[in-house]
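Trainee: I should like to learn how to read the ligand sites and the confidence values of a model. May we go through them in turn?

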Amino acid sequence: MSLLSLQDLTVTLDTPEGPATVLDRVSFDLAPGESLGIVGESGCGKSMTALAVMGLLPAAARCRGRIDFEDQDLLTLDERALCALRGRRIAMVFQEPMTALNPVKTIGFQVAEGLRWHFGLGRGEAEARALKLLDRVGLPQPRFSPDLYPHQLSGGQRQRVVIAMALACDPALLIADEPTTALDVTSQAEILALIAEVTAGSKMALMLITHDLAVVWQNTAAMLVMYAGTVAERGATAEVFARMAHPYTRGLLAASPGALEDILPAGRRLATIPGQVPDPHDRPQGCVFAGRCPRVADDCLPCPPGERLLVPGHAVACLHPHEGETPS
Amino acid sequence: MTGNPKGVETLLRVEGLVLDYPLPRQRLLAPAPRHRALDGVSLQVARGESLAVVGESGSGKSSLARAVLALEHPAAGRVELMGQDVFSLSPKALRSLRRHAQMVFQDPYGSLDPRRKVGWIVAEPLDALESGVDAAARRARIAEVLESVGLKARDAEKFPHEFSGGQRQRIAIARALITHPALIVADEPVSALDVSVQAQVLNLFMDLRERLGLGYLFISHDLAVVRHVADRVAVMRLGEIVEEGPVEQVFGEPRHPYTQKLLAAVPRIGHPRHRPETSTS
Ligand SMILES: Nc1ncnc2c1ncn2[C@@H]1O[C@H](COP(=O)(O)OP(=O)(O)OP(=O)(O)O)[C@@H](O)[C@H]1O
Ligand SMILES: Nc1ncnc2c1ncn2[C@@H]1O[C@H](COP(=O)(O)OP(=O)(O)OP(=O)(O)O)[C@@H](O)[C@H]1O
Ligand SMILES: [Mg+2]
Ligand SMILES: [Mg+2]
């Protein structure tokens, strides 16, 4: 039984240069308590996927397909019904903490707000719980007074406040969009362990968006690799890492500074995937990755490759996937 | 051209910098407690050199970056940019000094004005400094700098909200590069970028260093990134620099226990996992 299920979700944005397809038939399932990592280059549609589930797409967006969450199609819900879900059943940690924080409200007020709104708690009780939540995310009293304003915190501390807000109402699904990019490695490890602990402990499902393959490896059971609004590869995380079948997935691995750490101390040049993600206004026919792919062949160009199953639980949208194991 | 003062070899010299922030009062009549974010920091960056500052969240890295550009007022200490003491300059002299030292901020969204088009945002430091740039030359500079960070010239006509998080950070970098500065103070400039673009931007930073002799004060929590871009690294903890030295030395033989802890915390593919169970989806 799945908690969240996307079926052929297509999102088109109306822009002055014409319609831009930012998501193209994206499908996946997420069961209660499960974890799904989403990786891909900048602009490939990771945040759009998250915003679509939250019902927070820009006004210029048009959606096709379905987003089923707890047996309701979110695309058919009105704003009031979405408000009742947001922050309560589905919570999100945003890529940039300042987009989620109100600069003129104290952090104590902001962490307590969801509890007051969704559970009708009184001010005193909500603020007492807020202190516990702040403590839990590593902002203890008295150093981190609830009377602090967001600008009085460092980047990483702000993100911890946002995580406390997201955990406040014990949601069924936590969407974390690059939750730790603003954090140093020790805090990153702590925050990810914290997210893993609370999600596993309370059967909270986790959708973890990141550009760090090592973070996906360490924190998710299943993963999607996205490219230009489409799913390039998917499967159980260990399976996908053992055999990165899509040439794009291997390109991402080669460009990871972490992956090269031991081989390239003074080399100073990182591998890049040549070229750029195609503009959502003029995506090529055929495979969207063809223009940058080292394995491109004539049959890649006429029409986009469908997804095919390599082994149960590991699928790739490529006509010429890598066959062997991932080189290490 | 850029008009950098010649013969200045040390771009940045920081000595004994101390910075305190007031915190909320615990009781109405009690004195406001203070938090010491920088506690006697000293460092130097030479022309063409890149110094990385690493350290855990809250250790004072962003505070240091802001103080270096005189955006904070320290309780003690000196900051010299291109040989000039930034805290004793008139606002006008400070503004003209800033052309040589540009900042890329940690939060790409907060640092871009949402009501302005990208072209205006990118050209702003130029407009503030060089009033006589004619429209065609200005357009060409904007196009050149956008392309150098992997964006398109026509992106100048768009607004920040039309870009993804990583694309917005490239806009912020383009804005810093447009005046051809000698020093870039970059606060987590690539942490919002995915690996491939991150690699492009880091390579761009390295190219600019070779081509233009740029120096960097490069703040990052990502040790793998630091290893690629920095000559020297300073490790900060609780407002102090606990260890400093050439990157190979500090990462190869970390002496301070905190540096050792930092190095051990880097997530690696192949390490034990928090969520090893397989899924059905
Ligand atoms: N309001 C908007 N109007 C037009 N295009 C937009 C808008 N918001 C995003 N886009 C475009 O949609 C695409 C997908 O953006 P999205 O934010 O989902 O990327 P992302 O995968 O989260 O990238 P990043 O890793 O940089 O955050 C990008 O090409 C972006 O330029
Ligand atoms: N305006 C302010 N008022 C009060 N305290 C502040 C203020 N700005 C920063 N601080 C505190 O000073 C300390 C240093 O903050 P700073 O932003 O320099 O940290 P950082 O090293 O950049 O951390 P991060 O990696 O999380 O961005 C933090 O503990 C923070 O809470
Ligand atoms: Mg994003
Ligand atoms: Mg900071």
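Trainee: Which backbone N or O atom of chain B lies 3.3 Å from an oxygen atom of ligand 1?

Mentor: The atom in question belongs to Glu162(B). On the chain A side, a backbone N or O atom of Cys44(A) is 3.2 Å from an oxygen atom of ligand 1, and a polar backbone atom of Gly45(A) is 3.0 Å from an oxygen atom of the ligand. The protein buries 90% of the 640 Å² that ligand 1 exposes when taken alone.

Trainee: Why is the site of ligand 1 described as shared between chains?

Mentor: The site is shared because the residues that surround ligand 1 come from chains A and B. There are 21 of them, and the closest are Ser42(A), Gly43(A), Ser47(A), Ser164(B) and Gly166(B). At least two residues of this shell come from each of strand S1 (4-15) and helix H1 (46-54) of chain A, and helix H5 (165-177) of chain B. By class, the shell has 6 nonpolar, 11 polar and 4 charged residues.

Trainee: Where does ligand 2 lie, and which residues come nearest to it?

Mentor: Ligand 2 lies between chains A and B. Around it are 22 residues, of which Ser154(A), Gly156(A), Gln157(A), Ser57(B) and Ser63(B) come nearest. Gly156(A) places a backbone N or O atom 2.6 Å from an oxygen atom of ligand 2. Gln157(A) has a side-chain N or O atom 2.6 Å from an oxygen atom of the ligand, and for the side chain of Ser62(B) the distance is 2.7 Å. Of the 630 Å² of accessible area that ligand 2 has on its own, the protein covers 95%. The shell comprises 5 nonpolar, 14 polar and 3 charged residues.

Trainee: Is Gln102(B) buried or exposed?

Mentor: Gln102(B) has a relative accessible area of 11%, and is therefore buried. Gln102(B) belongs to strand S6 (residues 101-104) of chain B, and its side chain makes a polar contact of 3.5 Å with that of Thr179(B). Beyond four places in sequence, the contacts of Gln102(B) include Leu69(B), Pro125(B) and Ile184(B).

Trainee: What is the mean pLDDT of chain A?

Mentor: The mean is 88, with 94% of the residues of chain A at 70 or more. Residues 259-268 of chain A have pLDDT below 50, and this stretch has 18 contacts in the model beyond near neighbours in sequence. Where pLDDT is low, predicted coordinates should not be read in detail.

Terms used. Residues numbered from 1 in each chain as written. Chains lettered and ligands numbered in written order. Predicted model: local features only at pLDDT ≥ 70, side-chain atom pairs only at ≥ 80, totals over all residues. Heavy atoms only, no water. Near = heavy atom within 4 Å. Polar contact = N/O pair within 3.5 Å; in protein donor to acceptor, adjacent residues only side chain to side chain. Areas by Shrake-Rupley, 256 points an atom, 1.4 Å probe, with all protein chains shown as cover. Helix = DSSP H or I, 4+ residues; strand = E, 2+ residues; numbered from the N terminus. Nonpolar A, V, L, I, M, F, W, Y, C, P; charged D, E, K, R; others polar. pLDDT = per-residue confidence, 0-100. Contact = heavy atoms within 4.5 Å. Buried < 20%, exposed > 50% of the residue type's maximum accessible area, 1.4 Å probe, protein only.
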